Amino acid sequence: MAAWLGFSGYHCLTAVSLSLVIVLVHGDIHSFNIGHEMKKNQVNNCDFFRGSWVFDHSSNPLYDSPSCPFIGGGFDCQKNGRPDQNYLMYRWQPNGCDLPRFNSIDFLEKYRNKKILFVGDSLSNNMRRSLICMLHSAVPNSNYTFGSRGQLSTFSLPDYGVSVNWLKNGFLVDMAYQKIGKVLKLNSIRTGNQWLGADVLIFNSYHWWTHSGQLQTWDYFQFGNKTVKEMDHMEAYRIAMTTWANWVDKKIDPSKTRVFFQGVAAVHLNAKEWNDPNHKDCSEQKEPVKGSTYPGSGVTGEAILKSVLSKMTKPAYLLDITLLTQLRKDGHPSIYAGGGPNFIDCSHWCLAGVPDTWNQLLYAALLQK
């Protein structure tokens with residue numbers, strides 16, 4: 001009898017416990033759903049591109065650069081002897097909301113068996129290598145492939161079927177080698193078939209258009225029926241980006257491929273822009289510009305790009321990184337690009353560093369509807 005009462009009491013107690021668990025679990029699920037919806041709404045309604053940099057050593061950097069074998073010499077500032085580390089500790093804080101923390105495993109699961117392709121200049125490679133490091137840091141023991149052939153650099157994680165590749169193409173439109181020299185064809189894209197088949201396309205083009213003199217990599221511009229030795233570079237940029245936008249509108253199915261434009265990253269070649277009389281450029285800069293406003297002049301290409309994107313019938317998502325890079329005068333390799341003390345790089349970015357935020361912005365955009 002006692003045994004039966006004990007057994008019966010156990011079942012009664014279990015039933016009560018289960019009831020309490022059910023109530024508690026349902027309460028937690030309800031709270032989770034409310035929180036999840038709030039976070040989702042915040043992501044969908046947030047302007048991630050207006051904000052400021054805050055020092056936050058508790059959550060940065062997002063990976064340890066010595067543990068990432070993919071950074072590459074020019075971006076590996078710590079390996080190249082940069083002595084300070086505070087530049088690694090700044091977090092981008094949008095005004096009025098929070099940027100979702102990058103979740104590498106969630107990213108890998110969402111893009112299992114997917115192809116991600118960056119198309120652009122070396123700043124595309126800067127962002128791509130950052131993304132690879134962020135993903136690798138979450139699964140350091142996973143098999144990977146990493147290599148290059150011609151203009152295509154490849155990386156994959158076979159366990160997830162994810163590839164993150166970069167196709168070097170700084171103009172996006174065609175460069176033709178003719179008898180008169182190298183001709184930049186502003187109305188022509190014949191290599192676009194190389195871009196097809198990707199699940200995520202991230203384009204970038206601007207810096208090469210600003211080059212002149214010995215840095216200029218073309219001899220002539222061609223548009224319509226005209227071939228000219230020189231023209232306004234920003235007008236050429238506008239025509240070329242319109243050609244690219246028309247290609248996307250014609251060739252891309254938005255239900256199959258997400259299209260992003262990386263945006264125009266700032267350079268810091270003139271310290272007068274941030275009212276620093278003691279330096280010439282980005283050298284020896286150790287902290288960002290404070291606040292949400294850059295004291296220097298704007299970037300001409302930014303307005304041109306936004307105008308072109310606004311007219312697309314299948315809009316590309318602009319990762320509007322201009323302001324957040326303008327504020328990061330401290331984020332460049334400067335003399336720590338691996339080319340010796342006389343080689344100063346104020347265009348590219350240290351890894352770990354600012355491009356990690358570009359990928360956080362990409363992740364946030366992918367979370368949006």
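User: Which hand does the disulfide of Cys282 and Cys346 have, and what is the torsion about its S-S bond?

Analyst: A disulfide is a pair of cysteine sulfur atoms within 2.5 Å. Here the torsion about the S-S bond of Cys282 and Cys346 is about -85 degrees, so the link is left-handed. Cys282 sits in the loop between strand 12 (258-261) and helix 5 (300-310), and Cys346 in the loop between helix 6 (322-326) and helix 7 (354-367), so the pair ties together parts that are 64 residues apart in sequence. Helices (H or I, at least four residues) and strands (E, at least two) are DSSP runs, numbered from the N terminus. The S to S distance is 2.1 Å.

One note on the source: this is a predicted model, in which local features need pLDDT of at least 70 and side-chain atom pairs count only at pLDDT 80 or more, while totals for chains, interfaces and linings use all residues. Residues are numbered from 1 along each chain as its sequence is written, and side-chain values use heavy atoms, with hydrogens and water left out.

User: Are Cys282 and Cys346 buried or exposed?

Analyst: Buried means under 20% relative accessible area, exposed over 50%, and partly exposed in between (1.4 Å probe, protein chains only). Both Cys282 and Cys346 are buried.

User: How many disulfides does the structure hold, and what is the pairing of the bonded cysteines in sequence order?

Analyst: There are four disulfides, and the pairing in sequence order reads 1-4, 2-5, 3-8, 6-7. One of them joins Cys68 and Cys133, with sulfur atoms 2.0 Å apart. That link is left-handed too, with -80 degrees about the S-S bond. Cys68 is buried at 6% relative accessible area, and Cys133 is buried at 1%.

User: Which strands form the open sheet, and in what order?

Analyst: Two strands pair if DSSP finds at least two bridges between them. The open sheet has four strands in the order 7-8-10-11, with mixed pairing. Its edge strands are strand 7 (174-178) and strand 11 (226-228), each pairing on one side only. Strand 7 and strand 8 (residues 181-185) pair in the antiparallel sense over five bridges, and Ala176 has Val183 of strand 8 as its bridge partner.
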